[in-house]
Amino acid sequence: MLFRILDPQTKTNQFWRDFDRLNDELTRSILNDQFGSSSHFPPVNVYTKEDEALVTCLLPGMDTDQIEINVKDNMLSIHGKKKAEDLAEGTEVHRREIFHGEFHRTLELPFRVNQDQVSAKYVNGVLNIHLPRREEDKPKKVSINIG
């Protein structure tokens with residue numbers, strides 16, 4: 001991209017086009033390593049107990065209608081789209097590190113979830129998803145008979 005900006009004539013040279021593509025891929029790779037790729041967004045914490053799980057997601061600056069939660073068996077998926085902020089006319093972006101765009105995060109839980117009892121709450125940019133364990137997946141205490 002740099003060479004395209006400096007010299008538009010380089011678009012016709014295969015070497016510079018390949019160099020430009022490599023430079024773009026390296027830059028994207030470094031940024032994903034440093035700031036995380038969209039496949040690791042949103043950051044989550046997962047806590048489990050015998051009967052339930054709690055998933056906490058950091059999703060600041062979103063509206064609840066921009067977030068979709070789906071649960072099936074032991075899989076939780078969180079999907080959404082965060083809009084970029086609207087800029088006033090004439091504003092140039094000097095640096096933009098805050099994530100915007102579409103994201104999709106899928107988590108495998110250690111047990112199947114009772115889908116009818118799932119609840120979610122969004123407060124101050126933190127999404128908390130309460131996932132109760134299915135009754136048939138709860139550990140059963142086995143009594144031991146004496147011989």
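This is a predicted model: local features need pLDDT of at least 70, side-chain atom pairs count only at pLDDT 80 or more; totals for chains, interfaces and linings use all residues.

**Stop 1: the four-stranded sheet**

Select strands E1, E2, E7 and E6, which form an open sheet in that order, with antiparallel pairing. Strand E1 (44–48) and strand E6 (119–123) are the edge strands, each pairing on one side only. From one strand to the next, the twist averages 15°. In general, strands of a sheet pair through backbone hydrogen bonds, either parallel or antiparallel.

Now keep E2 (residues 52–58) and E7 on screen. These two strands are antiparallel and pair over seven bridges. To see one of the bridges, select cysteine 57, whose partner in E7 is leucine 127.

**Stop 2: threonine 56**

Stay in strand E2 and select threonine 56. Is threonine 56 buried or exposed? Its relative accessible area is 17%, under the 20% limit, so threonine 56 is buried. Show the side chain of asparagine 128 as well: a polar contact of 3.0 Å joins it to the side chain of threonine 56. Setting aside residues up to four places away in sequence, threonine 56 touches several others, including Pro43, Val44 and Tyr47. Val126 and Leu127 are also among the residues it touches.

**Stop 3: the nonpolar core**

Select Val55, Leu59, Leu76, Ile78, Ile129 and Leu131. These are the residues with the most contacts inside the largest nonpolar core, which has 18 residues. Strands E2, E3, E4, E5 and E7 each supply at least two residues of this core. In soluble globular proteins, nonpolar side chains tend to be buried together.

Next, centre the view on isoleucine 129. Which residues is isoleucine 129 in contact with, leaving aside its neighbours within four places in sequence? They are Ala53, Leu54, Val55, Ile69, Leu76, Ile78, Val118, Ser119 and Ala120.

**Stop 4: lysine 82**

Move to strand E4 and select lysine 82. With a relative accessible area of 12%, lysine 82 is buried. Look for the backbone oxygen of proline 60, which lies 3.0 Å from a polar atom of the lysine 82 side chain. Among the residues that lysine 82 touches, not counting those up to four places away in sequence, are Gly61, Met62, Phe99 and His100. For a distance check, pick the C-alpha atoms of lysine 82 and leucine 59: they are separated by 8.9 Å, and the two residues are 23 residues apart along the chain.

**Stop 5: salt bridges**

How many salt bridges does the structure hold? There are seven. Side chains of opposite charge can pair when their charged atoms come close.

Begin with lysine 49 and glutamate 52, where the closest N and O atoms are 3.7 Å apart. Lysine 49 counts as exposed at 57% relative accessibility, while glutamate 52 is partly exposed at 24%.

Go on to arginine 134 and aspartate 73, whose closest N and O atoms are 3.1 Å apart. Arginine 134 counts as buried, at 15% relative accessibility.

Glutamate 85 is partly exposed, with a relative accessible area of 46%, and arginine 96 is partly exposed at 34%. Finally, select Asp73, Arg134 and Glu136 together: salt bridges that share partners join them into one network.

**Stop 6**

Most residues other than glycine have a negative phi. Return to aspartate 73, where phi is positive, near 55°. Aspartate 73 is partly exposed, with a relative accessible area of 31%.

End at asparagine 124, in the loop between E6 and E7. Asparagine 124 also has a positive phi, of about 50°. Its relative accessible area is 77%, and asparagine 124 is exposed.

How values were computed. Residues are numbered from 1 along each chain as its sequence is written. Side-chain values use heavy atoms; hydrogens and water are left out. A salt bridge is a side-chain nitrogen of Lys or Arg within 4 Å of a carboxyl oxygen of Asp or Glu. Buried means under 20% relative accessible area, exposed over 50%, partly exposed in between (1.4 Å probe, protein chains only). Two strands pair if DSSP finds at least two bridges between them. Axes are lines fitted to C-alpha atoms, for helices over the stretch in contact, and angles run from 0 to 180 degrees between N-to-C directions. A polar contact is a pair of N or O atoms within 3.5 Å; within protein, one must be able to donate a hydrogen and the other to accept it, and residues adjacent in sequence count only if both atoms are side-chain atoms. Contact means heavy atoms within 4.5 Å. A nonpolar core is a set of buried Ala, Val, Leu, Ile, Met, Phe, Trp, Tyr and Cys residues joined through side-chain atoms within 4.5 Å.
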